[in-house]
Amino acid sequence: MGLIKEFKEFAMKGNVMDMAVGVIIGAAFGKIVSSLVDDVLMPLVGMIAGKVDFTTLSAKVGDAELFYGRFIQNVVDFLIVAFCIFFVLKGINKLNRKKEEPAAPEAPKGPTQEELLAEIRDLLKKK
């Protein structure tokens with residue numbers, strides 16, 4: 001029974017659950033980016049490049065066919081995902097820096113009224 005309890009503690013730790021949510025959201029985000037690249041960006045790039053359909057770009061080497069057009073699309077996918085993650089992390093780091101900034105130090109307080117009166121008294125005694 002100890003092994004099950006230990007596994008439950010491990011699985012329910014905050015970091016593991018956060019990571020699981022991140023993976024699920026990342027997979028969904030990846031599909032959105034793939035659709036953006038495949039269905040919007042690459043057709044536009046293909047039109048600019050002379051009506052080229054990148055999914056059909058390939059080269060025949062012996063009996064093998066190398067689909068380098070698909071590779072180009074995957075590279076564009078990766079760059080967009082990396083760019084988005086960069087900006088998300090940049091925003092998170094900016095928020096964390098604001099949280100970590102120490103409070104401004106308080107202005108040094110001047111002497112109290114009693115201290116000033118005692119100083120005046122001492123000066124008067126010396127005269």
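**A first look at the chain**

Mentor: The chain has 4 helices and 2 strands; helices (H or I, at least four residues) and strands (E, at least two) are DSSP runs, numbered from the N terminus. This is a predicted model, where local features need pLDDT of at least 70, side-chain atom pairs count only at pLDDT 80 or more, and totals for chains, interfaces and linings use all residues. Residues are numbered from 1 along each chain as its sequence is written, and side-chain values use heavy atoms, with hydrogens and water left out.

Trainee: In what order do the elements run from the N terminus on?
Mentor: They go α-α-β-β-α-α. The chain's radius of gyration is 32 Å, well over the 14 Å that the globule rule gives for 127 residues, so it is more spread out than a compact globule. That radius is taken over C-alpha atoms, and the rule is 2.2 Å times the number of residues to the power 0.38.

Trainee: What box do the C-alpha atoms fill?
Mentor: Roughly 110 × 60 × 25 Å, taken along the principal axes.

Trainee: And how much of the chain is buried?
Mentor: Buried residues make up 8% of the 127 residues. Buried means under 20% relative accessible area, exposed over 50%, and partly exposed in between (1.4 Å probe, protein chains only).

Trainee: Switching topic: which residues form the nonpolar patch on the surface?
Mentor: Tyr68, Phe71, Ile72, Val75, Phe78 and Leu79, with about 590 Å² of accessible area together. Patch residues have over 30% relative accessible area and no salt bridge; like charges are joined within 9 Å, nonpolar side chains (Val, Leu, Ile, Met, Phe, Trp, Tyr) within 5 Å. Ile72 sits in helix H3.

Trainee: Which residues gather in the positive patch?
Mentor: Lys90, Lys94, Arg97 and Lys98 do, also on the surface. Lys90 belongs to helix H3, which covers residues 68-100, and Lys90 is partly exposed at 46% relative accessibility.

Trainee: Is Asp122 exposed, partly exposed or buried?
Mentor: Partly exposed, at 36% relative accessibility. Arg121 is partly exposed too, at 45%.

Trainee: Last one: where is Glu6?
Mentor: In helix H1, residues 2-11. Glu6 is exposed, with a relative accessible area of 56%.

Technical notes:
Areas by Shrake-Rupley, 256 points an atom, 1.4 Å probe, with all protein chains shown as cover. Salt bridge = Lys/Arg side-chain N within 4 Å of Asp/Glu carboxyl O. Lys, Arg positive; Asp, Glu negative; His and termini not counted. Charge placed at Lys NZ, Arg CZ, Asp CG, Glu CD.
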